[in-house]
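Here is a short walk through one structure. Keep the sequence and the model side by side as you read.

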Amino acid sequence: MAIIDFLKKQFIDVIEWTDDSRDTLSFRFPDEDKEIKNGAQLIVRESQVAQFVYLGEFGDAFGPGKHTLTTDNIPVLTNLKSWKYAFESPFKADVYYVVTRLFTGNKWGTANPVMMRDADFGIVRLRAYGTYDFRIVDVPKFLKEVAGTDDHFRLDEFNDTMRSRIVSVFSDALATAKLPALDVASRYGELGEALLPLINPAIAAKYGLEMTTFIVENVSVPPEVEAAIDKRSSMAAVGNLNDYVKYQMGQGMASGTGGGGIGGAGAELAMGMALAQQMMNQPGGIMAQASTGIQAPAAPAAAGAAAAAPAPAPALDLMTPGQVAQMLGVGESDVLASLESGDLKGRRIGTQWRITRTAVDTFLKG
């Protein structure tokens, strides 16, 4: 009896593993140098896959259920071991249990800024973080590329291993999607949905994983890009410039333009700009006369007038940043940047800029 008991201890009759940890991705069944005998029972529970590995080569894989290990259901191992007739003698092999359920709420983030090329701002540096849900879909590839020979591979080890890889895949997907920086920094929900079809093929091919959800919780951009976003939001809030000028004029009049103050100065400036624009657009105006070379007839002098009235000053040729950009063949953002820095002189009305042609000529000469 002692010999029979000794022999029984040398062979594995039942192979099973119960996961109570909830954070295990793969687990190697402890064989303690025992051999698997013919007819041994293999038990695989839901959300598990049992993968046999023999001398570093992947053998048969089993899904949920109770399996009796015989020659018929381990054809790969039979071929690897070169059994000529049948599986009769015990053998040694590693058995890995891999958990295939969904792992949720995993965090990702960029330790360093991600460089992306943007049509509006050129090269932009982005920082981002969020969460993702994933599952294992290719067991051999996952064991080979991620878990390795670890006998108990847990979620915290996975996060440490995959954090930089996920960020790399995110950067590649972001470059492929060619999303504007303004959209990246403001449309998080759409961004995650747009990147998911680009990320999944990459991680499936490299690591045997599939992401069911990829959420971007925050994207931070450099201060200059934030300023540009705020500026565009302000421009959209102002809406029609003519309505805004009328509003400013009304406010100035209500507070008394003669008394000065910020409101009065704004109203006076707005009225002056409006009058100058009207003078430019009138058919008989000064600018029209200058372009045609025809002098307007002089008005008859009033009887008893002490002196002739002074001639009106020439009207300013005003342009918007967009018109200046079109004239110079550059982007509107470049013109706005020059205005902000003071290199190009202009006048701001609310959130809008107006530039004279003289200022443009001075800027080009300087």
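Two strands pair if DSSP finds at least two bridges between them. Helices (H or I, at least four residues) and strands (E, at least two) are DSSP runs, numbered from the N terminus. This is a predicted model, in which local features need pLDDT of at least 70, side-chain atom pairs count only at pLDDT 80 or more, and totals for chains, interfaces and linings use all residues. Residues are numbered from 1 along each chain as its sequence is written, and side-chain values use heavy atoms, with hydrogens and water left out.

Begin with a sheet. Three strands make up an open sheet, ordered β13-β15-β14, with antiparallel pairing. At its edges are β13 (318-319) and β14 (347-349), each of which pairs on one side only. Two bridges join β13 to strand β15 (residues 352-356), in the antiparallel sense. Met-319 has Ile-355 in β15 as its bridge partner.

Now take helix α12, residues 332-341. Which of its residues are buried? Val-335, Leu-336, Ser-338 and Leu-339 are buried (under 20% relative accessible area; exposed is over 50%, partly exposed in between; 1.4 Å probe, protein chains only). Seen down the axis of α12, the buried residues fall within an arc of 160°, so they line one face of the helix. That arc is taken from the directions from the helix axis to the C-beta atoms. An α-helix has 3.6 residues a turn, so residues three or four places apart point the same way. After α12 comes Gly-342, with a positive phi near 90°.

Turn to the aromatic rings. A search of the whole structure finds 10 aromatic pairs. Rings of Phe, Tyr and Trp (its six-membered ring) pair if their centres lie within 6.5 Å; planes under 30 degrees apart count as stacked, over 60 as edge-to-face and the rest as tilted. Phe-52 and Phe-62 are edge-to-face, 5.7 Å centre to centre, with 70° between the planes. Phe-52 lies in strand β4 (residues 48-54) and Phe-62 in strand β5 (residues 57-62), so this pair ties together parts 10 residues apart in sequence. Phe-52 and Phe-62 are both buried.

Phe-134 and Phe-158 are stacked: 4.5 Å centre to centre, 15° between the planes. Phe-134 belongs to strand β10 (residues 122-136) and Phe-158 to helix α4 (residues 155-177), so the pair ties together parts 24 residues apart in sequence. Both Phe-134 and Phe-158 are buried. Phe-103, Tyr-132, Phe-134 and Phe-158 form one aromatic cluster.
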